[in-house]
Amino acid sequence: MNKGTLIGVAVALAVLLYGTVMVFEAFDRNSNSASDTIRPFVITMGPVWALALAASIVLLRRRSP
């Protein structure tokens, strides 16, 4: 496994985590109930996290010689 790839994936996931918190705060800013916040947040960030995790798995997979 390449050390640079591992560091890059770790930095990308840290940025994604920060972005996730910012998106949650944006949805929560004008909501009146928990369902007004959680449902759109999950619909928005679920696919983003799924794609990020899939890309991380592909990048960190050991390649056969």
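The model is predicted. Of the 65 residues in the chain, 12% count as buried. The C-alpha atoms occupy a box of roughly 55 × 15 × 10 Å along the principal axes. The radius of gyration is 16 Å, whereas a compact globule of 65 residues would have a value near 11 Å.

The secondary structure consists of two helices and zero strands. Helix 1 covers residues 3-29 and helix 2 covers residues 34-60. Their axes come within 10 Å and cross at roughly 175°. Angles over 145 degrees count as roughly antiparallel, and helix 1 and helix 2 are therefore roughly antiparallel to each other.

The contact between the helices involves residues from both elements. On the side of helix 1, the contact residues are Thr5, Leu6, Val9, Leu13, Leu16, Leu17, Thr20, Val23, Phe24, Phe27 and Asp28. These meet Thr37, Pro40, Phe41, Thr44, Met45, Val48, Trp49, Ala52, Ser56, Leu59 and Leu60 of helix 2. By class, the residues of this contact comprise 16 nonpolar, five polar and one charged.

Serine 56 lies in helix 2 and, with a relative accessibility of 12%, counts as buried, because the limit for a buried residue is under 20%. When residues up to four places away in sequence are not counted, serine 56 touches Val9 and Leu13, both of which belong to the helix 1 side of the contact. Valine 48, also found in helix 2, has a relative accessible area of 34% and is partly exposed.

The loop between helix 1 and helix 2 contains serine 33. Serine 33 is partly exposed, its relative accessible area being 33%. Serine 33 and arginine 62 are 29 residues apart along the chain, and their C-alpha atoms are separated by 45 Å.

Notes. Residues are numbered from 1 along each chain as its sequence is written. This is a predicted model: local features need pLDDT of at least 70, side-chain atom pairs count only at pLDDT 80 or more; totals for chains, interfaces and linings use all residues. Side-chain values use heavy atoms; hydrogens and water are left out. Axes are lines fitted to C-alpha atoms, for helices over the stretch in contact, and angles run from 0 to 180 degrees between N-to-C directions. Helices (H or I, at least four residues) and strands (E, at least two) are DSSP runs, numbered from the N terminus. Angles under 35 degrees count as roughly parallel, over 145 as roughly antiparallel, 65 to 115 as roughly perpendicular and the rest as oblique. Contact means heavy atoms within 4.5 Å. Ala, Val, Leu, Ile, Met, Phe, Trp, Tyr, Cys and Pro count as nonpolar, Asp, Glu, Lys and Arg as charged, and the others, Gly among them, as polar. The radius of gyration is taken over C-alpha atoms; the globule rule is 2.2 Å times the number of residues to the power 0.38. Buried means under 20% relative accessible area, exposed over 50%, partly exposed in between (1.4 Å probe, protein chains only).
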